[in-house]
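Subject: Structure handover

Hello,

Here is the structure for your files. My notes on it follow below.

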Amino acid sequence: MRKYINHYKKLNWLVKSLLILKLLVILFLLSKFVFTGVVEIGRGLSSSRLYIVESGDNFINILHKETRLSRDIKYKITRGLEDEKVILYTGDEVRFNHRRDKLEEITISRSDLNMIVIEIEDNVVISKKEEPYNKIYNMIVGEIEQDGTFMGSASRAGVSATAINAYYQLMGHSIDFEREILPGSKFAIFYLELESYDRVKETIVYYMALETDRHKIDFYKYHNGDKGAFYNVDGKGATKTLKKTPLNIPVSISSHFNPNRKHPILGYTRAHKGTDFRARIGTPIPSGGDGIITKRAYGTGYGNYIKIKHNGSYSTVYAHISKFAKYKVGDRVKQGDIIGYVGMTGYATGPHLHYEIHYNGRAVNPMKIVLPSVKNLSKTELEKFNIEKSKYIALIDKMKKGDIKQVIIPNKKWKRQHKGKYNLDIKL
Ligand SMILES: [Zn+2]
């Protein structure tokens, strides 16, 4: 102890003041960190506070709780919102943007990219704007793991749930999931996410590919109409007249088309003329294609079932339905219209959809048939498609080769730093 005091005494005034100076610098840096720790939106000394609308909230009580605005300004805001017919919903994000402690702007945003902006100065100006967003391009190439499903493997590879669903729904036209996607099969997907305040508001898929020992499928998005559709390299539509996997959600297949299957309930060998998709009771069953309902009945084995005639040669059967939807015999349905709900009526060991595709009156193996495309591109459209496709095909290659998974283009308004991610110059 004595030694220590002696040592302390040795410190002259210069060292002491240096220590104080050091301390001041640290304090200054800390304060800077603390004050910039709030969400920066890139406009000098501005900060933003977030309020999520709860049920029972109205704008007046939110303004009371969250601001110290004058009664006059509050009145102008609520009247302005009424004039603009703005309705608040639970979950809406209300941001209070300050500049040098002065509340300057309130924004209301929701699940899409539309935002209501309330600018507050001497007066109140309300306008509708598009939310600022970052563009995140994702290129994910993966392989189906041993004993893995497409969904599990894709999710572990980093594909978002929305993109997995889009892949599943589109590829369901061309392949029988899980029977044709086996361990070792490769998949690739290229999609854009529009992200605002760390939330993905929109996902746009541009490219999907699948490589199995039997197939090599590549689909590219082309904006032929307003929404755009997918085509293969030759301009053939990815959407088929019938879907091989009709359900909209990724499911597992419990039993495949098999002419010599031993029936689990009846015990003897009886052809399994369809594919069984295991799904929860109540899962909506969409029609596999456009057509007319020709049967809506109860069969001993099938339970509640529906048959749809699609054209001169194709029809489909949906069995073990728990509940029928509104369509009756003779009604016309479009591909994707919900015709009933998954159940386990008839001979079924568990809830599933039994799906059959018939060609010229006979049940066929969905794996073995090549279904016609709904639309193909004309020669002139094909030229335009090739131009649009080449715009991002180069980027896809670049990302594949460079093992780059993500390209982020931050919004100019935001000075966000994306550490460990890549910034490339992309124009799509
Ligand atoms: Zn079955």
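In which loop is the place of R100? R100 sits in the loop between β2 (93-99) and β3 (102-109). Before going further, some conventions. Residue numbers start from 1 along each chain, following the sequence as written. The model is predicted, so local features need pLDDT of at least 70 and side-chain atom pairs count only at pLDDT 80 or more, whereas totals for chains, interfaces and linings use all residues. Helices (H or I, at least four residues) and strands (E, at least two) are DSSP runs, numbered from the N terminus.

Overall picture

The protein has seven helices and 22 strands. Of its 428 residues, 28% count as buried. A residue is buried if 20 or more other C-beta atoms lie within 10 Å of its own, exposed if 12 or fewer, and partly exposed in between, with C-beta atoms placed from the backbone. Two residues are in contact if their C-beta atoms, placed from the backbone, lie within 7 Å. Among the contacts in the protein with a separation of 6 or more, 61% are between residues 24 or more positions apart.

β2 and β3 pair in the antiparallel sense over seven bridges; two strands pair if DSSP finds at least two bridges between them. F96 has I106 in β3 as its bridge partner. The two strands form a hairpin with two residues between them, and R100 in the turn has a positive phi of about 45°. R100 is a residue other than glycine. R100 is exposed, with 9 other C-beta atoms within 10 Å.

From β3 the chain goes on through a hairpin of four residues to β4. β3 and β4 (residues 114-120) are antiparallel and share five bridges, and E105 has E119 in β4 as its bridge partner.

N360 also has a positive phi, of about 50°, although it is not a glycine. N360 lies in the loop between β20 (352-359) and β21 (362-364). With 9 C-beta neighbours inside 10 Å, N360 counts as exposed. A further positive phi, near 55°, belongs to K85, which follows α4.

The six-stranded sheet

An open sheet of six strands runs in the order β10-β9-β8-β7-β6-β22, with antiparallel pairing. β10 and β22 (406-409) stand at the edges, each with a single partner strand, so one side of each is left without a neighbour in the sheet. Neighbouring strands of this sheet are turned by 25° against each other on average, direction ignored. For such angles, axes are lines fitted to C-alpha atoms, for helices over the stretch in contact, and angles run from 0 to 180 degrees between N-to-C directions.

Within this sheet, β6 pairs with β7 (residues 186-196) in the antiparallel sense over ten bridges. Y137 stands opposite L192 in β7.

Helices α5 and α6 lie across strands of the sheet. α5 (residues 150-157) lies across β6 and β7, running at about 130° to β6. α6 (residues 161-171) lies across β7, β8, β9 and β10, at about 40° to β8.

Which strands do the buried residues of α7 pack against? They pack against β6 (134-143), β8 (199-211), β9 (216-222) and β10 (229-231). The buried residues in question are F385, K389, Y392, L395 and M399. α7 (residues 379-401) has 23 residues and reaches 32 Å from its first C-alpha to its last, close to the 33 Å expected at 1.5 Å a residue. The expected span of a helix is 1.5 Å times one less than its number of residues. α7 has a kink of about 30° centred on S390, where the bend at a residue is the angle between axes fitted to the seven residues ending there and the seven starting there.

α4 (residues 71-83) has 13 residues and reaches 18 Å from its first C-alpha to its last, close to the 18 Å expected at 1.5 Å a residue.

The three-stranded sheet

Three strands form an open sheet in the order β13-β19-β17, with antiparallel pairing. β13 (284-286) and β17 (323-324) stand at the edges, each with a single partner strand, so one side of each is left without a neighbour in the sheet. β13 pairs with β19 (residues 338-341) over three bridges, in the antiparallel sense, and I285 stands opposite G340 in β19.

Regards
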